[in-house]
Amino acid sequence: MGDPHPEIHAKLHATDLTRTFGRPPRVVDALGPLDLTVAPGEFVCLVGPSGCGKSTLLRIAAGLLRPSTGTLEIRTVSARPAAMIFQDYGIYDWKTVRANVRFGLDIQRVPRREANARADEWLARMGLADFAHAYPATLSGGMRQRVAIARALAVEPELLLMDEPFAALDAQLRMILQDELLEITQALRTTTLFITHSLEEAIVLGDRVLVMSARPGRIIAEHHPPFPRPRTGDIRSDPEFTSLKRELWELLRKEAAPA
Amino acid sequence: MTTVAPEKSGAVLIRRPGPQELHPARTHRRRRALELSLAVAVPLLLILLWQLAATQAWIDDRVYPAPSTILADGWDRAAAGDLWPDVWATLKRVLAGYAIGTAAGYALGLLMGSLSLVRAALEPLLDALYVVPKLALLPIFLNMFGLGEGPQVALVAATVFFFVWISTMSAVMSIPSGHRDAGRVFGASPWQMFRHVLLPASLPSVLVGARIAAGVAVLVIVASEQIAATNGLGHLIFDSRALFQNDVMFVGIVCVAVLGVVFSELVRILGRLLTPWAPRDRGRGQS
């Protein structure tokens, strides 16, 4: 990080980014001003209190929402470089598991034969091969979220945006999926923005953990979990893990508790 | 929410504020002005076209009188007091039938929604009656109540009843069990359960049904007045056609349209006052 101008090589670069909602006199400042630079292949976790604008930032990056002021630049040649994984409702009940995973490829008009092959490859990788022709309603929550991950990664995105993807899962399943995601992203090195409420999740997964303030969200702290890659879920029992988690919690508690 | 069109410069994709973000108040104002002017301009344009077609004799103005003729004629009849007895007759029947049908439909819907035995007993029967066009019941009502207001009111009530019954029953059945459980754990009596849980939880969807029923009530009364009544707007429309008074016929049609819109808007406004917690404009697309 000794680079004096990291934004030149950055994958993603936000300058003075803000977003407000509503019209005068009832305007809500949701985000920023926020400056952020993400290097190619970096896994950045954003933690912050509810309603601090984390999702707003992600939606701007995804192109679902425009910023109110400032700019967000993504270094890419593609018009739609991002894939997004939502907390819920992301996958379609009326498509089979395989058709769900193939959805992004279908939209990009990838030929059916190739799309099926790529979808099947991801299904196998996520341990879903036996459920290819099942409908999502018959799957458990963890399985459904694996489908969502497979769907996002099947298009080989340059930028992966994850909005509290494991928030609806129980604690054990959450850890299992964190470990799976860790393995996949360390193999792929896809640039990722990951939103979570869980400090533990952020430290396990992130190259960098950014702590955001209460609304309007600004970045108030930045930490680099000191665990070398490739890492595994075992770092959860490392004493350094616990002390970093405590440090972040001290910061976050001030923001999360209403004044 | 629409997606934002990607904007490219070289090998960098830039997300930046659009006109909506840079001038939010202005964009909103323009949008509202455009929507409002479209809402006024499109009907106005069609009426002007009709006027033009009638005055230019593209259409036979004895069959399709010009809007100006209809307006003038309607004004004269309203001023002379010829119009009000018919409007009033129709309004009375609609309101009476609507009140009876809504009350009966709501009560039965509530009962059938909460008690599965009542539902098992009555649902097949009501489902069968539901598909019978209500106008086909008019002869039965005529036999039952004789000539006069009875059959007209009964027909409106029967029509309204089915809409309100179905929407109430499905609303009560779709109340999440957690809502009932919370009341039950506190030991709520049936009346308390109704007052605190079932009534408010079902009200938004019931009102959607009631709003749709308001429009259909006007629709059905006009049809039945054409068949078996000596006054009312439906009678006016049919009677004036028989007397080759096509302009009077159109005055009647316009009155029916205004009556229907005003009635169903009133029900909607009432619904909004009764359910301040519900999202606005529910059921607008469903009616």
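Notes on the model. I am working with a predicted model, in which local features need pLDDT of at least 70 and side-chain atom pairs count only at pLDDT 80 or more, while totals for chains, interfaces and linings use all residues. Residues are numbered from 1 along each chain as its sequence is written, and chains are lettered from A, and ligands numbered from 1, in the order in which they are written.

Entry on Arg180(B). I placed Arg180(B) in helix 8 (residues 177-185) of chain B, where helices (H or I, at least four residues) and strands (E, at least two) are DSSP runs, numbered from the N terminus. Leaving aside neighbours within four places in sequence, Arg180(B) is in contact with Ile175(B) and Val197(B), contact being C-beta atoms, placed from the backbone, within 7 Å. I also noted that the C-alpha atoms of Arg180(B) and Thr69(B), 111 residues apart along the chain, are separated by 59 Å.

Entry on Lys134(B). I found Lys134(B) in the loop between helix 5 (116-130) and helix 6 (138-145) of chain B, and Lys134(B) is buried, with 22 other C-beta atoms within 10 Å. Not counting residues up to four places away in sequence, Lys134(B) touches Leu155(B), Ala158(B), Thr159(B) and Val220(B). From Lys134(B) to Phe162(B), 28 residues apart in sequence, the C-alpha to C-alpha distance is 9.9 Å.

Entry on helix 7 of chain B. I checked this helix (residues 149-173) and found that its 25 residues reach 36 Å from first C-alpha to last, close to the 36 Å expected at 1.5 Å a residue; the expected span is 1.5 Å times one less than the number of residues. Since 20 of the 25 residues are buried, helix 7 of chain B is largely enclosed by the rest of the structure.

Entry on helix 4 of chain A. I found eleven of its 14 residues buried, so helix 4 of chain A is largely enclosed by the rest of the structure. Its buried residues include Arg144(A), Arg146(A) and Arg151(A), and among the elements that cover them are strand 5 (82-85) and helix 5 (171-188) of chain A. Just after the helix, Glu156(A) takes a positive phi of about 50 degrees.

Entry on the contact between chains. I noted 17 residues from chain B and 19 residues from chain A. Strand 2 of chain B gives the largest share of the chain B side, four residues. Four bridges join this strand to strand 4 (residues 69-75) of chain A, and the two run antiparallel; strands pair if DSSP finds at least two bridges between them. Leu72(A) has Arg15(B) as its bridge partner.

Methods: Two residues are in contact if their C-beta atoms, placed from the backbone, lie within 7 Å. A residue is buried if 20 or more other C-beta atoms lie within 10 Å of its own, exposed if 12 or fewer, and partly exposed in between; C-beta atoms are placed from the backbone.
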